[in-house]
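Here is a short report on the fold. It covers the sheet, the helices and the cores.

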Amino acid sequence: MNSASRVVGEKTLQDIMEIPKSIDAVRENFDSLKEVTTSIVNRNCRCLYFTGCGSSYYSAMLISIPLQIHRPKLNVRVLPSSEILMYLINTLSEECCIVAISRSGETAETLEVMKRGRERGTYNVIITISEKSESIKYADEYLYINVGVERGIVMTKSFYSMSLAGLVITLNMVAGKSSNMDSELDKLKEHAISMIEKRSAIFRLAENYINMGINRFVVLGSGPSYPIALEASLKLKEASYVAAEAMHALEFRHGPIATLDKNVLVVIINQDGKSYSYVYKLYEELRNIGANVLRLSNKDLDEDTLPLSRTSYEELDALSAILLLQLITYGYTVASGLDIDSPRRLVRVVTRY
Ligand code: F1P
């Protein structure tokens, strides 16, 4: 970075660099996270709605995954708040629990879902990084994760910490007493610190994509890395206005592969676990046909691969990918001559719909 660009994007970079600290903030909330877990379990809800808007919706999606996989009898629904409002309000009842994610706790659609849900008897949990917000009026459990104010408009440390807090709840619901989240958070923190230390190399990689003429990103992920792929593609769009899309990894073969050309970068999130070998095969295929590929993984590392964390949970390793993709977004945006701290048309809070 030259001296003129040093201040450009400073706020967002500071937020990203505080991710290791925000992992500790989640750790400090272990007791309240356990209480919320118990309250949801004791409530014995028939259905659980996970919701939010924008990045917070993708966070809700990630958080829901342990229950979708391991609690088949629970009716788990994951939707943007606006969709619940327009189509599903009548399905909310005292048998439902709403888990809402919101950095501000003020987003119009999310507030309205909580309000209308409460009128119909739902049990409402909100995960937020805002100490106080409008949503407190409609929350049975207000889970405030104290990571400090997010300086940037683009969500970075807030996405990481709210997702992590939510995952501690749902992984606890699934793993119960056998889970030792403390040591898992140590591994995540270690990964975050080491990737932040290597940020200059990651920025150079991103800058090189500009030099290569990359003007479109396809981000592929499976299982827990699918919401991360969506979030990464949203980051790229919000910050650098580049064409970016996310897909379930193997869906790429079913048509979209036709759009590959020299200006496309395929980002593959390939965490160890259920989807590993299938996604790895796709990666090899794409390399063999000469596609530009960046792989993120915690297994079989090579020169085209950035490392993910290695915890006991695929969901946490998938989350570790977002830090790398935030750094790539930052590097690509700054190298494009844009200021990630002043993203075009993005507002901190959407207050009407
Ligand atoms: C949700 C959100 C953000 C987005 C933008 C507008 O906010 O869609 O994801 O980046 O700032 O609002 P929130 O409900 O998490 O505060």
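Which residues have the most contacts inside the largest nonpolar core? They are I127 and I228, in a core of 90 residues. A nonpolar core is a set of buried Ala, Val, Leu, Ile, Met, Phe, Trp, Tyr and Cys residues joined through side-chain atoms within 4.5 Å. Buried means under 20% relative accessible area (1.4 Å probe, protein chains only). Helix α12 (residues 314–335) gives the most to this core, with 13 residues. A second, separate core has 16 residues, including V218 and Y276.

This is a predicted model: local features need pLDDT of at least 70, side-chain atom pairs count only at pLDDT 80 or more, and totals for chains, interfaces and linings use all residues. Residues are numbered from 1 along each chain as its sequence is written, and side-chain values use heavy atoms, without hydrogens and water.

The open sheet has five strands in the order β2-β1-β3-β4-β5, with parallel pairing. Strands pair if DSSP finds at least two bridges between them. Helices (H or I, at least four residues) and strands (E, at least two) are DSSP runs, numbered from the N terminus. β2 (75–80) and β5 (141–144) stand at the edges with a single partner strand each, so one side of each lacks a neighbour in the sheet. β1 and β3 pair over five bridges. Y49 stands opposite I98 in β3.

Two helices contact the sheet (heavy atoms within 4.5 Å). Axes are lines fitted to C-alpha atoms, for helices over the stretch in contact, and angles run from 0 to 180 degrees between N-to-C directions.

| α4 (residues 55–70) | β1, β2, β3, β4 | about 170° with β2 |

Technical notes
Buried means under 20% relative accessible area, exposed over 50%, partly exposed in between (1.4 Å probe, protein chains only).
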